[in-house]
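Trainee: I have a model open. Can we work through its backbone together?

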Amino acid sequence: MLRRRRNDDEEEAWAEPGGDDPEELPVGGPWDAAEDVPEAERIDFGSLQVPVREGFEVQVSMAEDQPAWVTVVRGDSGLQLQAFAAPKTGGECEEADGPFGVEVRALIAAPDPAGPGSAGGRHLVRFLGVDGPRWFLRGVISGPAAAREDIAAPLEDVFADVVVVRGDHPVPPRDLLEIRLPEEALQALAEEAGEPEGNPWGGADPFERGPEITETR
């Protein structure tokens with residue numbers, strides 16, 4: 001169902017819902033860290049290197065005091081990024097052709113049924129997926145970009161420029177690859193929480209309302 005990137009030591013495999021030639025697909029990434037990656041300014045989150053774009057915000061959401069996913073925000077739309085150690089593939093959903101191969105589009109329950117973009121208490125999201133050498137990158141597009149290609153295009157461009165750093169250490173299949181905060185973000189959190197820089201997660205939880213660290217460029 002999902003696009004697979006080629007490793008030099010393995011045969012290239014592709015889903016064939018429409019028999020598309022992979023060479024005709026319009027994007028070259030996401031990239032594996034072992035590849036010849038095009039140069040770009042990216043924020044290093046350990047397993048993910050996320051490109052910086054003017055007018056975008058890069059946010060990190062926390063779960064149990066640990067970074068859980070990275071979200072790239074542009075206006076009212078967002079692209080959530082997570083990398084797993086192996087491919088991982090309800091809500092009402094359907095398959096559709098996208099710039100990265102077959103993708104899943106689903107109607108899910110909206111946090112605020114009366115919020116913008118909701119339809120009868122649900123809102124549209126797009127699930128993107130690329131299967132690389134020993135990793136799987138998942139992207140979730142939400143907001144107006146989930147329904148409009150012109151708004152989605154800049155977020156798709158960010159997704160295509162992500163670099164996945166799998167590493168050589170063993171990780172069980174389908175486990176999330178570790179996301180680490182950049183050093184400057186750790187220092188900022190330590191100052192905000194009033195804790196020593198070496199222990200930014202100690203003491204009271206400073207993230208009572210959906211903690212996020214935002215990098216605006």
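**Confidence and backbone**

Mentor: The mean pLDDT of the protein is 76, and 69% of its residues reach 70 or more. pLDDT is the predictor's confidence in each residue, from 0 to 100. This is a predicted model, so local features need pLDDT of at least 70, side-chain atom pairs count only at pLDDT 80 or more, and totals for chains, interfaces and linings use all residues. Residues are numbered from 1 along each chain as its sequence is written, and side-chain values use heavy atoms, with hydrogens and water left out.

Trainee: Which peptide bond is cis?

Mentor: Most peptide bonds are trans. Here is one with omega near 5°. P30 sits in the loop between β1 (3–4) and β2 (31–32); strands are DSSP runs (E, at least two residues), helices too (H or I, at least four), numbered from the N terminus. The cis bond runs from G29 to P30.

Trainee: Is E64 buried or exposed?

Mentor: E64 is in the loop between β5 (57–63) and β6 (66–74). Its phi is positive, about 55°, although it is not a glycine. Buried means under 20% relative accessible area, exposed over 50%, partly exposed in between (1.4 Å probe, protein chains only). E64 has 79% relative accessibility, so it counts as exposed.
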